[in-house]
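These are my notebook entries on a single protein chain.

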Amino acid sequence: MANVERKGTFKVEYLQKIEKDIQRRWLNDKIHEENAPRVTGETNIEKFLCTFPYPYMNGRLHLGHTFSLSKCEFAVRYNRLKGKRVLFPFGFHCTGMPIKACADKLKREMELYGFPPKFPQNEETVVEAENDGIPKDKSKGKKSKAVAKAGLSKYQWQIMESLGLNHDEIKHFADANYWLDYFPPLAVQDLNAFGIHTDWRRTFITTDANPFYDSFVRWQFIRLKERNKIQFGKRYTIYSARDGQPCMDHDRASGEGVGPQEYTLIKMKVLEPYPTILCKLSKKQIYLVAATLRPETMYGQTNCWVRPDMKYVAVELKNGDVFICTQRAARNMSYQGFTEAEGKLNIILELSGQDILGCRLKAPMTKYAVIYSLPMLTIKEDKGTGVVTSVPSDSPDDYAALVDLKKKQPFREKYGITDEMVLPFDPVPIIEVPKYGNLSAVAVYDELKIQSQNDKEKLTQAKEMVYLKGFYDGVMLVGEFKGRKIMDVKKLLQKNLITRQEAVIYYEPEKTVMSRSGDECVVALCDQWFLDYGNENWKEQAHKVLDKINTYHDEVRKNFVGCLNWLHEHACSRTYGLGSKLPWDKQWLIESLSDSTIYMAYYTVAHLLQGNSFKGGKPNALGIKAEQLSPEVWDYVFYKDAKYPSGCGIKKESLDHMKREFEYWYPVDLRVSGKDLIQNHLTYFIYNHCAIWPNDESKWPKSIRANGHLLLNSAKMSKSEGNFLTLAEAINKFSADGMRLCLADAGDSIEDANFVENMADAGILRLYTYIEWVKEALANKDQFRTGPATTFNDQVFQSEINLKVKETDEYYRKMLFKEALRSGFFEMQAARDKYRELCLEGMHLDLILKFIEVQTILMSPICPHVAEHVWELLGKKSSVVTSSWPITGPVDEIQIKSSEYLMETAHNLRIHLKNYMQVAKSKANSNLPPIDKPNVVEIWVAKTFPHWQSCILTTLRKYLENSGTLPDNKTLSSEFSKMNELKKHTKKVMPFVQATREKVNQFGEKALALTLEFDEAEVLKNNSTYLANTLDVNEVIIKFTDDENASEKMKECCPGSPFVVFLTKPGVKVNFINPVPYNGLFSKYVVISNGETYSTVVQSLCKDIKNIKKPDSVQLWRYKDPILGPCKLPNLHELSQDKVLIPANCIFDVNVQQRTVKINTGTEIIDVGTQITYIVV
């Protein structure tokens, strides 16, 4: 389990307690259960059916599962808020080989090592995934999928121990059926702790252990076979010899998505005299066989390559010929009809590459009568046959190797290669490739300045440059297809080679595939039942389905199109594992990717059949038995026009009930899955829906949302690396809502997302703080302002709430949950914080209550427990789950922009002030007295742009209006250089133009306006008190740049970017004292300058004493005797004794030189001394 150090768990435990209470209430209220409407009028209520691929039950659910299913969870809760009836059913997959294989492993381990087993200690416990030479994403780790899941455990028993099971528990898992009873209830428990919005009445497990689902799957396959979608015959497929059956994606430890790769196996006949080691085979036809993807290039063969230190075998085939290749390749051939018995090799000789160097060979199609086998040190053993045919005219690798061999005599001598075997052989022009000529490999070798066959990066680049271009644009220069394009004749050339018995078809896996039983898979030619996904009519219909599906990301759609285009047959049967039997051939089981394509339809009726049990073993609501569910019964339920099967033994009203449920809920509105399932499950999902409902497009899926994988702390989840979290562990560590918030924040794109534990901890703090703030706000309602909410900041806050509701609605609709969280939680919180900061007179109660309600609803899809708790605190009687999406009022965008301008200006002013003070402190002359902190700020506002900028903006607007776009900078520079009014500003013109261009790209034509949409000066004046507080000054003065006192520099500023001047206005310190005991209001010195008003002095006092919430509640009192008054003890029972209330309309008269402070009441001037009493009423 991943561990990140953290401080304390109080807040997590606080949230977990809330979550348990909420979940208990949801369960009691059955709040997530939903049925189709039974009343005719209600059938018009919009519905939303969302599904997630049922997880495989060979372990606990982990954070990766949770990330994908969270997309369903957020979507279904959002759609419920939008007034829809929603259904998010959840089943569990047990079909396939893994559970059976694991059970059998445990059985074998107990037979071999006893109970409890004592395993050997000296065996390696971790096997690294194969290196297939394909560049890997380092963030995805280095171990195979099986190793990553199993951690450091080699034996199945150890894997079970890692799940926290003891020996007595583990022994039960040797029975495959025990898995079916053990893990599904744990999954339900974990998902409930997560807070999942699921109708558990509809849950089930797969396989024939559940006779109801088994009946459904058998019906599906009967109908598919009737429609010729299922065929039987020999086909090439990935095959596990150890398991004795095809190895489909879900049966693999590594190599998911890998298919059979077809090669043309070129037969190069060994000519006499044979090498010594081959002499005893002189009576047989001996061939070095090379696997190629480019049979059209065989005209250009100059030699073949073998690796001197590689092990080869000579294998006798059933026709008596002898093939020399690697044993791995020979093993593949033995399953493809090459040998006498399947899987049996007649190896008559084992040899090394050194033994066959210099062999004289006759190769098909080449102009050379004899070619030779030469050394190449970079041949890989896990690809092809270990023998490589060499075409230096069109293969950069071959040309580089041939050049090296020709140049390096010592290298030739080391391996006994004579000059006659190499030097006479030059590249043969066979294909004309546009741009690269008739020797494309030679051309790119020279262009890239490749030095030798060791220039790996350049050679890779060279291959990319010529291979695809050669295939699509290359034209044959020789042979019977001279003058024709490669892409048109490739298959014809292959067919001719095979007809002349100069080549054969050979398959092997595209990359190494390991089965879950630990077997390296081969490609076998198997008798089997298969779904004919290559059928053109079916493929065309699948494309039609895809055209109507919302895939949310263009890349996902491209991946689907690519998959549909290359997909051919898929083996749908196997002989080992768990599952449903093929109805017409019961020796076969239906494999796991084939029984999971339309099961979403079963969800719609499962609650009526399963009897609230996983296997359907309890009596159900309709009294239906599994054996009564004939294909005709399923037809009636799932096909609109099917007739009632009168002899089925089931009441018509019961079947009508099932039919009504299906007709209401179907089709699937949203299918969510990881992107890795596009290449199999999700594509099969599309195929099977149009096969089962070919004439009813209303049953075809509406949308598919594919997401990337989930990284944990920026690394691939892996038990072996200790970077792994089960769902239960994550909830225990972060709480359900803390985890959900982090999952939403992890990412929404097709790229891999990242769950960062520090972010989860930060989310926990935010949620806890939000709850505590709500509790405090509700407990102190009397502290908020009431009456009309009409101030500028009130109106802005209302508009911002409405805007965030609209934005969040759009993000949820598009399933952009990271953005929905940002807009609907983080930015809502920021809007509230800004409102609190700007409302010097206090926030408005109605707006705060509205904010809490709206905020709670917006966050409820992601953090439903916290939302439910806050909903309770608000005194709501119903659940937040059943509430409605907030109805938005108008959004005054101009007010929002003016508020944003205010905050941005305040931020800029703070930066200016900081820089001003730093400049003051950095004066070189240390004898200068320190500059006082300014207490007055002058903000100079421009009513319009300077003339030269206005000229540019006007010109740009004309271009935009006339042509819809701006010309390039070169054109603009030429035009502006001719304008006399811009001559003085030549150096500033183009930078201003470029900055304006960028604004136009962002904001459109509005960026060219000569004035702002709001009154800039009015906004600053109305919020001058806030600006004074945030800058810690006494006064903010707003002036215009057209004032006669404005400097030239001031006049250069433009609307939205005011000019600022900091001033230090001299004053006298006055001590303000509060005589009321125990009220937390202390004495404070305030500097008062000449001419200040009563209100500005009070504001200065409130700015320094934060406990004073309302400035208008402050009274100022002067002593009757300004000299002796402060010396007397105050009378705590009569605070105003010997004092006079200072009138609120007075002006302070300050003489800095004499250090005196007086007030001017309009009728008299009174000395107040150096101490004033303040009282808050």
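**Entry 1. Salt bridges**

I began with a network of salt bridges that links Glu-33, Asp-199, Arg-201, Arg-202 and Glu-661. The model I am reading is a predicted one. I recorded a count of 64 salt bridges.

I then looked up individual pairs. Glu-757 and Lys-733 meet through their side chains in a salt bridge, at 2.8 Å from N to O. This pair links distant parts of the chain: Glu-757 belongs to helix α23 (residues 757-779) and Lys-733 to helix α21 (residues 727-734), 24 residues apart.

Next I examined Lys-804, which forms a salt bridge with Glu-807; the closest N and O atoms are 3.0 Å apart. Helix α24 (residues 792-813) holds both Lys-804 and Glu-807, and they are three residues apart, about one turn of the helix. Lys-804 has a relative accessible area of 12% and is therefore buried. Glu-807, at 23% relative accessibility, counts as partly exposed.

The next pair I noted is Asp-1042 with Lys-943, whose side chains meet in a salt bridge at 3.1 Å, N to O. Asp-1042 sits in the loop between β30 (1035-1040) and α34 (1048-1051), and Lys-943 in the loop between β29 (936-941) and α29 (947-963), so this pair ties together parts that are 99 residues apart in sequence. I recorded both Asp-1042 and Lys-943 as exposed.

**Entry 2. Cysteines**

How many disulfides does the structure hold? I found zero disulfides. Cys-325 is buried, with a relative accessible area of 0%.

I turned to Cys-521, which is in no disulfide; its nearest cysteine sulfur, that of Cys-247, is 3.9 Å away. The cut-off I needed here places the two sulfur atoms of a disulfide within 2.5 Å. I noted Cys-521 as buried too, at 3% relative accessibility.

**Entry 3. An open sheet**

I traced an open sheet of four strands in the order β4-β3-β19-β20, with antiparallel pairing. Its edge strands are β4 (245-246) and β20 (569-571), each of which pairs on one side only. Strand β3 (residues 230-240) is joined to strand β19 (residues 522-532) by 10 bridges, and the two run antiparallel. I looked up which residue of β19 is the bridge partner of Gln-231. That partner is Phe-530.

**Entry 4. Lys-586**

I located Lys-586 in strand β23 (residues 585-590). Lys-586 is exposed, with a relative accessible area of 57%. I also looked up its separation from Thr-575: Lys-586 and Thr-575 are 11 residues apart in sequence and 9.5 Å apart in space, C-alpha to C-alpha.

**Entry 5. Helix α20**

I checked the span of helix α20 (residues 678-692), which has 15 residues. From its first C-alpha to its last, α20 reaches 20 Å, close to the 21 Å expected at 1.5 Å a residue. I found α20 mostly covered, with 14 of its 15 residues buried.

**Entry 6. A nonpolar patch**

I noted a nonpolar surface patch of about 310 Å², made by Leu-468, Tyr-472 and Met-487. Where does Tyr-472 lie? I placed Tyr-472 in helix α13 (residues 456-473). Tyr-472 has a relative accessible area of 44% and is therefore partly exposed.

**Entry 7. The whole chain**

I closed with values for the protein chain. Its secondary structure comes to 35 helices and 39 strands. The C-alpha trace spans about 135 × 85 × 65 Å along its principal axes. Of the 1177 residues in the protein chain, buried residues make up 54%.

Methods
Residues are numbered from 1 along each chain as its sequence is written. This is a predicted model: local features need pLDDT of at least 70, side-chain atom pairs count only at pLDDT 80 or more; totals for chains, interfaces and linings use all residues. Side-chain values use heavy atoms; hydrogens and water are left out. Patches are made of residues with over 30% relative accessible area and no salt bridge: like charges are joined within 9 Å, nonpolar side chains (Val, Leu, Ile, Met, Phe, Trp, Tyr) within 5 Å. Accessible areas come from the Shrake-Rupley method with a 1.4 Å probe; for residues, only the protein chains shown count as cover. A salt bridge is a side-chain nitrogen of Lys or Arg within 4 Å of a carboxyl oxygen of Asp or Glu. Buried means under 20% relative accessible area, exposed over 50%, partly exposed in between (1.4 Å probe, protein chains only). Two strands pair if DSSP finds at least two bridges between them. The expected span of a helix is 1.5 Å times one less than its number of residues.
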